[in-house]
Amino acid sequence: MNTFAGTGHLVRLALRRERAIAPWWILLIVSMSLVMVAYINRYMATQELKLTYLGIIARTPFLHAIGGGRVEPRLEVLATWRSGGFLYVAGAFAALMSVIRHTRREEDAGRIELVRAAVVSRRAPLTAAVLVAAGISLLAGALTAAALIAIGLPPIGSIAYGAAIALAGWLFGGIAAVAAQLAAGARTATTIALSVLGLAYVMRFSGDVTGQPWLKYLSPIGWSHLVQPYQGERWWLAGVMFVIGAALYALAGRLLDRRDLGAGVLTERPGPATAPRLRGPVSLAWRLHRGLLLKWAVGVGVFAAAAGALSPLTNDLLTRPSVMLDTITTMIGMRSPSLAAYVWYLIMIMAYAVALYPVLMVIRLRTEEVSGRGEAVLATPLTRLRWAGGHLLVTGLGTAALMAVAGLVFGTVFSLLVGDLATDLPRFVAGALTTVPAAWSVGAVCLLAYGLAPRAGVAISWLAWVLTSALGQIITPFYGFFGGFPVEPFHYVANAMTGAPYDARPALALTAVTALLLAGGLLSLRRRDFG
């Protein structure tokens with residue numbers, strides 16, 4: 001049989017499945033690159049403002065490391081510096097998830113075995129996944145370059161920037177392809193690939209914070225930064241990225257030939273001889289979700305610590321008003337610059353991010369249902385409402401715990417650097433917890449969608465979180481609307497850091513709305529067909 005027999009058919013199948021996912025990633029990457037150009041044009045229109053901004057970055061290694069690389073007071077350099085740190089990671093994430101989705105997940109579901117019963121070679125599924133992921137990365141990079149050229153940025157630098165985005169996806173697609181052969185399941189493969197991505201980002205970030213460029217040269221994400229668009233484009237490094245990616249794909253093919261279908265090169269670690277007894281739906285939900293909750297807690301804690309570390313710089317800027325300070329506070333929607341406004345702004349960033357956690361937990365319910373595991377559990381005396389209720393209880397408490405971690409870490413670092421531990425720490429924790437009812441309400445919308453329209457529930461859940469964030473207080477100032485829109489729940493969460501008396505009525509109202517949405521979702525789940 002031809003080594004690549006059936007690849008074309010599998011490519012078309014994968015593209016059909018990607019049509020609901022890939023366009024959104026491409027749109028995000030292209031639009032973000034354009035938004036950053038508009039952002040710099042709007043808030044740093046003069047050379048004086050650009051130089052002032054560069055002075056702030058130079059005095060703060062943490063801020064410098066967010067974008068990474070050398071910064072110059074030019075529109076194209078500032079725009080790509082601001083967006084590149086995010087877009088390289090976004091392109092890499094989209095590619096690695098695509099590869100795992102069309103290889104290891106298909107294998108775990110048993111569909112690869114069915115496909116292989118036709119005239120399809122052993123390497124065809126992997127080859128098709130690689131071609132699709134590479135095509136997505138290439139299209140994202142090419143459209144980004146074309147969009148930047150269309151608005152007047154230098155063509156050579158724009159092409160280099162698009163190439164750096166595309167090659168980040170190409171490289172991490174190769175890492176995901178290798179991980180899919182090493183692991184015996186999609187979850188383990190995803191963990192391996194994302195761990196490499198996280199480590200690569202940490203190394204790149206550390207290299208920029210400490211001024212040690214060798215750390216960036218050891219980081220696959222750092223290589224995209226080192227291409228240096230608009231700064232003497234280093235094309236040889238782009239060539240190195242392409243060659244290493246190709247070598248990873250070749251290695252994945254060799255590993256594929258060495259393993260059995262459904263197995264991995266690495267042997268699975270055996271579980272405990274006696275599994276802990278599951279005493280009910282809450283115990284089952286906790287066992288399923290504890291790993292993800294721990295990862296979220298670590299991520300939230302790291303961000304909160306970084307936010308607290310910026311407090312001395314912010315305090316210093318606030319004591320020396322300037323045009324640049326006015327510009328920054330205006331573009332992020334602060335009506336009056338103060339330390340309390342800064343603290344609340346960062347707490348709200350974490351709250352909008354944590355609102356994604358209940359969304360993912362509701363999506364997990366749908367995954368348990370379509371995989372058949374939920375049906376197996378319901379074959380026991382456990383009812384649908386108790387099964388879903390256990391997941392919801394763990395989700396609700398987990399959401400509150402994440403915001404408590406955010407407040408605790410942020411408050412501790414802030415208090416040690418510029419505040420007072422005895423008075424500030426309780427205030428930070430309480431302030432962070434006031435956002436929890438709004439995050440719960442986002443999850444409740446997702447549950448209602450899951451109960452009423454299970455097939456569209458995943459898409460509706462993602463849309464609910466995206467709209468909440470896009471219409472909220474953090475994002476809307478960037479396109480000229482301040483204070484967010486009343487249709488999203490965080491609009492009704494008042495700034496708890498100003499010292500004003502706390503008004504519990506908005507929180508109670510959001511909790512009541514959440515309860516009604518949950519009741520509607522559970523009732524719909526109980527009445528519809530399951531599975």
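Arg364 lies in helix α18, which covers residues 356–371; helices here are DSSP runs of H or I with at least four residues, strands are runs of E with at least two, and both are numbered from the N terminus. The model is a predicted one, in which local features need pLDDT of at least 70 and side-chain atom pairs count only at pLDDT 80 or more, while totals for chains, interfaces and linings use all residues. Residues are numbered from 1 along each chain as its sequence is written, and side-chain values use heavy atoms, with hydrogens and water left out.

Is Arg364 buried or exposed? Arg364 counts as buried because its relative accessibility is 14%; buried means under 20% relative accessible area, exposed means over 50%, and partly exposed is in between, with a 1.4 Å probe and protein chains only. Leaving aside residues up to four places away in sequence, Arg364 touches Arg187, Leu288 and His289, where a contact means heavy atoms within 4.5 Å.

The chain has 24 helices and zero strands. Of its 531 residues, 50% are buried. Among contacts with a separation of 6 or more, 77% are between residues 24 or more positions apart. The accessible surface of the chain comes to about 24,500 Å², and carbon and sulfur atoms hold 68% of that surface; these areas come from the Shrake-Rupley method with a 1.4 Å probe, and for residues only the protein chains shown count as cover.

The helix pairs come next. Two packed helices are described by the angle between their axes and the distance between the axes. Axes are lines fitted to C-alpha atoms, for helices over the stretch in contact, and angles run from 0 to 180 degrees between N-to-C directions.

Helix α14 (residues 281–309) packs against helix α17 (residues 339–354) at an angle of about 165°, and their axes are 11 Å apart. The angle therefore makes α14 roughly antiparallel to α17; angles under 35 degrees count as roughly parallel, over 145 as roughly antiparallel, 65 to 115 as roughly perpendicular and the rest as oblique. The crossing of α14 and α17 is right-handed, a word used if the near helix is turned clockwise from the far one by less than a right angle, with left-handed used if anticlockwise. On the α14 side, Trp296, Val300, Phe303, Ala304 and Ala307 take part, and they meet Tyr342, Leu346, Ile349, Met350, Ala353 and Val354 of α17. By class, this contact of α14 with α17 holds 11 nonpolar, no polar and no charged residues; Ala, Val, Leu, Ile, Met, Phe, Trp, Tyr, Cys and Pro count as nonpolar, Asp, Glu, Lys and Arg as charged, and the others, Gly among them, as polar.

Pro281 also belongs to α14. With a relative accessible area of 11%, Pro281 is buried. Apart from residues up to four places away in sequence, Pro281 touches Leu382, Arg386, Trp387 and Gly390. The C-alpha atoms of Pro281 and Leu393 are separated by 9.6 Å, although the two residues are 112 residues apart along the chain.

Helix α20 (residues 384–417) and helix α24 (residues 505–527) pack at an angle of about 145°, with 9 Å between their axes. Their crossing is right-handed.

The contact of α22 with α23 has 10 nonpolar, four polar and no charged residues.

What does Ser461 touch, residues up to four places away in sequence aside? Its partners are Val359, Ile363 and Cys446. Ser461 counts as buried at 1% relative accessibility. The C-alpha atoms of Ser461 and Cys446, 15 residues apart along the chain, are separated by 4.7 Å.

Finally, the loop between α12 (220–226) and α13 (235–258) holds Gln228, whose phi is near 55°, a positive value in a residue other than glycine. Tyr230 lies in the loop between α12 and α13 as well; Tyr230 has a positive phi of about 65° although it is not a glycine. At 7% relative accessibility, Tyr230 counts as buried.
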